[in-house]
Amino acid sequence: MTSDATRRTIIRDGVAVGIATGAYGISFGAISVAAGFSVLQTCALSLLVFTGASQFALVGVVASGGAALSGALTALLLSTRNTLYGLRLAPLLAWTGGRRAAAAHLVIDESTAMSVTRESRDEARIGFLATGIAVFALWNLATLGGALAGEALGDPSTYGLDAAVGAAFLALLWPRLRDRDNRLAALLAVALALVLVPVTAAGVPVLAAGLVALGVGLLTSKDVDSTEIPDRDDLPSGGEHE
Amino acid sequence: MMWAAIVLTAVGAYLFKLAGLSIPGAVLEHPLVHRIADLMPVALLSALVAVQVFTDGPELALDARAAGLAVAVVALLLRAPFIVVVLVAALTAGILRML
């Protein structure tokens with residue numbers, strides 16, 4: 001059983017993470033309105049899509065003149081990582097039916113990070129729910145606040161709000177640039193996107209950069225081949241790879 | 001069109017989340033799948049930065065947004081929080097345009 005003290009600590013940590021993501025929510029709300037989405041559409045994105053980087057991607061593509069559909073496809077490509085989070089969470093949380101369907105909406109970076117490190121199912125569930133609910137509440141409140149502020153500010157270029165979009169993407173990307181292969185992928189993606197901008201429809205260059213992820217993944221896969229040998233210590237139990 | 005994109009993204013994003021909780025783990029446990037999934041946000045976010053900052057319609061451009069991005073890099077190197085990074089980039093571009 002989980003003691004009350006442990007439970008309180010886990011919940012407190014989850015709420016702290018939720019408050020921290022509020023800052024992202026304000027930026028998202030303001031940027032989304034600057035990109036041409038209404039306040040209602042902006043709030044619908046945070047309520048219904050509820051996965052930050054994908055939401056930023058959709059409004060970012062639209063802000064740079066891309067078709068809303070290319071924005072949606074880019075957002076969906078970015079959201080595939082939530083599937084992998086779900087795979088790790090499923091045996092830990094072990095929910096079925098309606099609970100699983102409801103929990104799925106809360107599968108994001110933060111709730112996963114605050115759940116997979118726990119030592120028992122009980123703690124994992126508390127960490128997942130506390131973080132997921134806190135982030136959901138504050139992300140949506142902050143989105144509304146940011147959207148209303150963005151609307152009051154008016155023309156985005158006057159205040160440099162358009163420059164804020166690039167900075168927001170860079171800040172989301174920054175922690176991942178410590179890895180050498182990731183830096184290579186980043187450089188190639190930038191180069192490919194800029195080469196394609198003059199010759200393709202807006203939105204296509206970003207989608208095409210997804211191919212860089214495929215290419216770099218395949219080319220550097222020798223690094224991970226060794227882990228494909230079954231029975232190694234670092235594999236999860238039951239790691240069948242063929 | 002905006003609403004269609006919003007609904008498509010919402011439904012798709014939810015199904016990706018639900019799939020992870022529902023399908024047997026072994027199906028997607030190949031290391032290459034994880035590798036590409038890790039690289040995907042890096043490639044897409046990098047391309048988004050480039051397109052957002054260095055293009056104007058179908059043309060390449062170098063303007064106040066690039067200065068904003070440079071200041072954002074400095075803020076990130078100084079470990080500034082997200083909201084500060086975004087604000088200093090916006091302020092830099094805004095001030096440069098007023099000059």
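1. In this predicted model, chain A has a radius of gyration of 20 Å, which agrees with the value near 18 Å that a compact globule of 242 residues would have. Taken along the principal axes, the C-alpha atoms of chain A fill a box of roughly 55 × 45 × 30 Å, and 50% of the 242 residues of the chain count as buried.

2. Among the contacts in chain A between residues at least 6 apart in sequence, 70% join residues at least 24 apart.

3. Chain B should be read separately. A compact globule of 99 residues would have a radius of gyration near 13 Å, but chain B has 19 Å, and along its principal axes the C-alpha trace of chain B spans about 60 × 35 × 25 Å. Of the 99 residues of chain B, 43% count as buried, and among its contacts between residues at least 6 apart in sequence, 30% join residues at least 24 apart. The chain has four helices and two strands, which run α-α-β-β-α-α from the N terminus on.

4. The interface between the chains involves 88 residues of chain A, which are in contact with 68 residues of chain B. On the side of chain A that touches chain B, the most residues come from helix H10 (residues 161-173) of chain A, which gives 13. By class, that side of chain A has 56 nonpolar, 26 polar and six charged residues.

5. The axes of helix H1 (residues 4-35) of chain A and helix H4 (residues 82-98) of chain B come within 8 Å and cross at roughly 30°; because angles under 35 degrees count as roughly parallel, H1(A) is roughly parallel to H4(B). In this contact Ala23(A), Tyr24(A), Ile26(A) and Ser27(A) of H1(A) meet Phe82(B), Ile83(B) and Val86(B) of H4(B), and by class the contact has six nonpolar, one polar and no charged residues.

6. Two residues deserve a look at the backbone. Most residues other than glycine have a negative phi. Phe50(A), although it is not a glycine, has a positive phi of about 45°, and it is found in the loop between H2 and helix H3 (52-63) of chain A. Phe50(A) counts as buried because it has 24 C-beta neighbours inside 10 Å, where 20 or more are required. Arg79(B), also not a glycine, has a positive phi of about 60° and is found in the loop between helix H3 (64-77) and H4 of chain B. Arg79(B) is exposed, with 9 other C-beta atoms within 10 Å, the cut-off being 12 or fewer.

7. As to confidence, chain A averages a pLDDT of 87, and 91% of its residues score at least 70. Among the elements of chain A, helix H2 (residues 39-49) has the highest mean pLDDT, 98, whereas helix H13 (residues 222-225) has the lowest, 54. Over residues 225-242 of chain A the pLDDT stays under 50, and for this stretch the model has twelve contacts beyond four places in sequence. Where pLDDT is low, the predicted coordinates should not be read in detail.

Note on methods. Residues numbered from 1 in each chain as written. Chains lettered and ligands numbered in written order. Predicted model: local features only at pLDDT ≥ 70, side-chain atom pairs only at ≥ 80, totals over all residues. Rg over C-alpha atoms; globule rule 2.2 N^0.38 Å. Contact = placed C-beta atoms within 7 Å. Nonpolar A, V, L, I, M, F, W, Y, C, P; charged D, E, K, R; others polar. Axes fitted to C-alpha atoms, helices over the stretch in contact; angles between N-to-C directions. Parallel < 35°, antiparallel > 145°, perpendicular 65-115°, else oblique. pLDDT = per-residue confidence, 0-100.
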